[in-house]
Amino acid sequence: MANIQVKKPADLATAGLAKLAAFFVLTFFMLTITFPSQAAFCSLRDPISAIQALYSQEYQFRTVVTDVTEADREQMKQQLPFTIHQSEVAKHTLYVLYKDQKAEGFLQARSEWAKWGLVEIAWAINLDRTLKGFYFQRCRSPQCNDTVTRSISHVIQGKSFSQLKSLLSGDGETLSAYGQSVFPIAPRLALLTLRSALKTLAITDISWRKDLQNLAIAH
Amino acid sequence: MQIFFPGPQHILALFLSCIPFILNAENLGSDLLGDNARWSVDASARLNRNTDTQHNAFTYVLGLDVHKVFSHKNRDIGTLMFQPYLVSLNNASSVPFFFDDGDDTQLTWRITNFNFTALAQGRLNIKLGHFEIPYGLEYQEDTNGTLRQFTFGDRGIKADWGMSVNGILPYLEYEIALTRGSGNELTSSHNPHIFSGRIGSPSQKNITAGFSWFYGDVLTGSGTTEHKKLGVDASYFYYQWQFMFESSIGQKAGNDTQNSFAEIAWIGAKEQFKSYMQLGYQNIKQMNKKDSASYWVVGMQWQNAYGFDISAQFKHKLNAAPTLNIEPDLSIQMRYRL
């Protein structure tokens with residue numbers, strides 16, 4: 001007769017705890033290696049709503065994923081008094097918009113910290129790097145309504161990097177006197193949007209330069 | 001002395017663990033997977049404790065996530081998602097039917113599909129593979145691998161093999177799916193099938209609403225269970241607060257059912273901390289006798305910027321019935337995404 005040993009629940013629980021301890025040791029070992037982390041990919045979605053809002057139906061788009069590096073982050077400091085957050089050193093996506101087989105512009109979604117959480121803004125950029133428009137993909141404040149969006153959009157549409165920069169103070173932390181005069185409604189949200197616009201324009205040329213050259217649509 | 005022979009699952013686990021060390025992590029995406037690819041390794045350990053019986057169960061998960069967009073000239077063709085996960089149970093008392101017992105290890109599939117997006121700029125896509133069944137709140141929130149879950153337990157299945165049409169229109173999002181009804185395994189035994197779908201308002205807005213349906217036979221360990229369900233869901237975001245609600249009516253194995261679910265969540269300004277409270281209610285009418293049960297859940301999740309997260313949750317009944325028992329469950333999970 002076979003000698004069958006039935007494991008006691010206490011033994012199984014002990015074995016489980018041993019496995020759990022081993023897992024934690026392995027996890028903390030892995031934590032010492034500083035690879036950039038990434039969100040669960042099931043949550044990655046194309047900004048279709050933004051593309052539909054900012055471009056007409058005749059436009060096609062293609063995805064260009066690139067690595068935004070620590071060096072890119074440092075390079076942005078040469079153009080702006082601020083830079084992207086360290087957690088943004090990771091893979092990011094630029095969408096190239098085509099009409100009649102010809103590149104017409106770009107779309108990039110960026111996140112900015114607000115005091116109530118992340119605000120995600122999709123930016124439409126013309127080939128000459130002026131702004132075509134923007135779309136709040138995610139903003140948990142009721143302030144991000146159509147009236148405020150229209151008022152900010154009215155000021156920044158068609159503006160270039162240097163024109164946008166003139167709306168900010170020297171340290172980039174507040175609106176300039178000119179900026180305050182053109183953003184009478186929701187100035188704090190306007191400041192957040194403006195900083196996002198400048199980072200987007202800067203990082204597009206810094207991080208996607210090679211990709212855009214390969215697609216023969218470099219600036 | 002017992003000699004340990006590694007099974008295929010152990011070899012796969014070892015392979016997955018070693019990927020970052022074998023290959024240069026920075027270059028893996030472009031070298032091995034080509035352009036427009038992202039990858040990640042996901043590891044977690046979970047403790048579930050029944051606080052009445054003092055029974056502890058452990059779940060260890062190691063998985064690979066690959067996300068790749070295929071493009072041609074001036075347009076995207078489609079998106080591939082590939083998520084094989086090795087799940088090892090230890091001392092578990094109630095397990096999904098595709099595990100042999102509570103101390104088994106199996107290869108499972110999370111989201112593994114190809115979504116063909118070249119037809120109409122995202123307005124009409126065709127998805128083929130293993131994906132989340134489009135229904136209710138699950139559709140717009142990513143709850144894969146987290147303790148926080150919504151109502152898939154009522155339907156007995158979260159993701160399934162099959163095909164769907166899906167898309168985003170200016171004022172509408174939709175997904176309509178025909179799936180095998182067998183969950184993790186692609187099997188035709190007992191001929192299960194599910195026809196499901198959700199049509200809702202744009203998910204990026206602060207107020208959303210949707211209508212869902214779920215019809216079919218879901219494979220279980222002892223055959224299939226027939227489900228018929230119609231549901232509505234809504235969510236509202238106000239600064240750091242999130243309010244969610246889902247309700248449905250239908251039939252399960254021929255018995256009339258009603259289910260309701262509500263959640264209030266608070267998210268920290270840096271979005272590293274989330275806490276939530278859920279309430280669930282179910283009612284079933286069997287042979288002219290009505291049984292109802294309800295429960296509450298409190299939970300929290302904290303994650304750092306380097307992919308490490310810890311979460312805890314406690315579920316307890318408010319009231320139960322002989323046919324609808326709810327075990328008190330304390331869960332703690334540590335997870336790391338590399």
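In the predicted model described here, Leu97(A) stands opposite Gly105(A), a residue of strand S3 of chain A. Strands S2(A) and S3(A) run antiparallel and are joined by five bridges. Both strands belong to an open sheet of five strands in chain A, arranged in the order S1-S2-S3-S4-S5 with antiparallel pairing. The edges of this sheet are taken by strand S1 (60-67) and strand S5 (131-138) of chain A; each has a single partner strand, so one side of each is left without a neighbour in the sheet. On average, and with direction ignored, neighbouring strands of the sheet are turned by 25 degrees against each other. Helix H7(A) packs on the sheet and touches S1, S2, S3, strand S4 (117-126) and S5 of chain A. The direction of H7(A) makes about 130 degrees with that of S3(A).

The loop between strand S2 (91-99) and strand S3 (102-114) of chain A contains Asp100(A). Phi of Asp100(A) is positive, near 50 degrees, in a residue other than glycine. Asp100(A) counts as exposed because 9 C-beta neighbours lie inside 10 Å, and a residue with 12 or fewer such neighbours is classed in this way.

Chain A as a whole comprises eight helices and five strands. Read from the N terminus, its elements follow the order α-α-β-α-β-β-β-β-α-α-α-α-α. Chain A has 219 residues, of which 32% count as buried. Among contacts in chain A with a separation of 6 or more, 59% are accounted for by residues 24 or more positions apart.

Helix packing in chain A is illustrated by two of these elements. Two packed helices are described by the angle between their axes and the distance between the axes. For helix H4 (residues 146-156) and helix H7 (residues 187-207) of chain A, the angle is about 45 degrees and the axes are 11 Å apart. H4(A) is therefore oblique to H7(A). The crossing of H4(A) and H7(A) is right-handed. From H4(A), the residues Val148(A), Ile152(A) and Ile156(A) take part in the contact, meeting Leu189(A), Ala190(A), Thr193(A), Leu194(A) and Ala197(A) of H7(A). By class, the residues of this contact comprise seven nonpolar, one polar and no charged.

Within this contact, Leu189(A) may be considered individually. Apart from residues up to four places away in sequence, Leu189(A) touches Gln143(A), Cys144(A) and Val148(A). Between Leu189(A) and Ala122(A), which are 67 residues apart along the chain, the C-alpha separation is 15 Å.

Strand S11 (residues 207-220) and strand S12 (residues 223-238) of chain B run antiparallel and are joined by 14 bridges. The hairpin from S11(B) to S12(B) passes through two residues. Gly210(B) has Asp233(B) in S12(B) as its bridge partner. S12(B) is in turn joined by 12 bridges to strand S13 (residues 241-252) of chain B, again with an antiparallel course. Across this pairing, Lys228(B) stands opposite Gln251(B) in S13(B). The hairpin of S12(B) and S13(B) has two residues between the strands, and Tyr239(B) takes a positive phi near 50 degrees there.

Ser212(B) lies in strand S11 of chain B. With 24 other C-beta atoms within 10 Å, Ser212(B) is buried. When neighbours within four places in sequence are left aside, the contacts of Ser212(B) are Tyr135(B), Gly136(B), Gly197(B), Arg198(B), Gly231(B) and Asp233(B). Ala234(B) is 22 residues from Ser212(B) in sequence, and their C-alpha atoms are 11 Å apart in space.

A positive phi also occurs at His190(B), a residue other than glycine, where the value is near 65 degrees. His190(B) is placed in the loop between strand S9 (172-179) and strand S10 (193-200) of chain B. His190(B) is partly exposed, as 14 other C-beta atoms lie within 10 Å.

Note on methods. Residues are numbered from 1 along each chain as its sequence is written. Chains are lettered from A and ligands numbered from 1 in the order in which they are written. This is a predicted model: local features need pLDDT of at least 70, side-chain atom pairs count only at pLDDT 80 or more; totals for chains, interfaces and linings use all residues. Axes are lines fitted to C-alpha atoms, for helices over the stretch in contact, and angles run from 0 to 180 degrees between N-to-C directions. Helices (H or I, at least four residues) and strands (E, at least two) are DSSP runs, numbered from the N terminus. Angles under 35 degrees count as roughly parallel, over 145 as roughly antiparallel, 65 to 115 as roughly perpendicular and the rest as oblique. A crossing is left-handed if the near helix is turned anticlockwise from the far one by less than a right angle, and right-handed if clockwise. Two residues are in contact if their C-beta atoms, placed from the backbone, lie within 7 Å. Ala, Val, Leu, Ile, Met, Phe, Trp, Tyr, Cys and Pro count as nonpolar, Asp, Glu, Lys and Arg as charged, and the others, Gly among them, as polar. A residue is buried if 20 or more other C-beta atoms lie within 10 Å of its own, exposed if 12 or fewer, and partly exposed in between; C-beta atoms are placed from the backbone. Two strands pair if DSSP finds at least two bridges between them.
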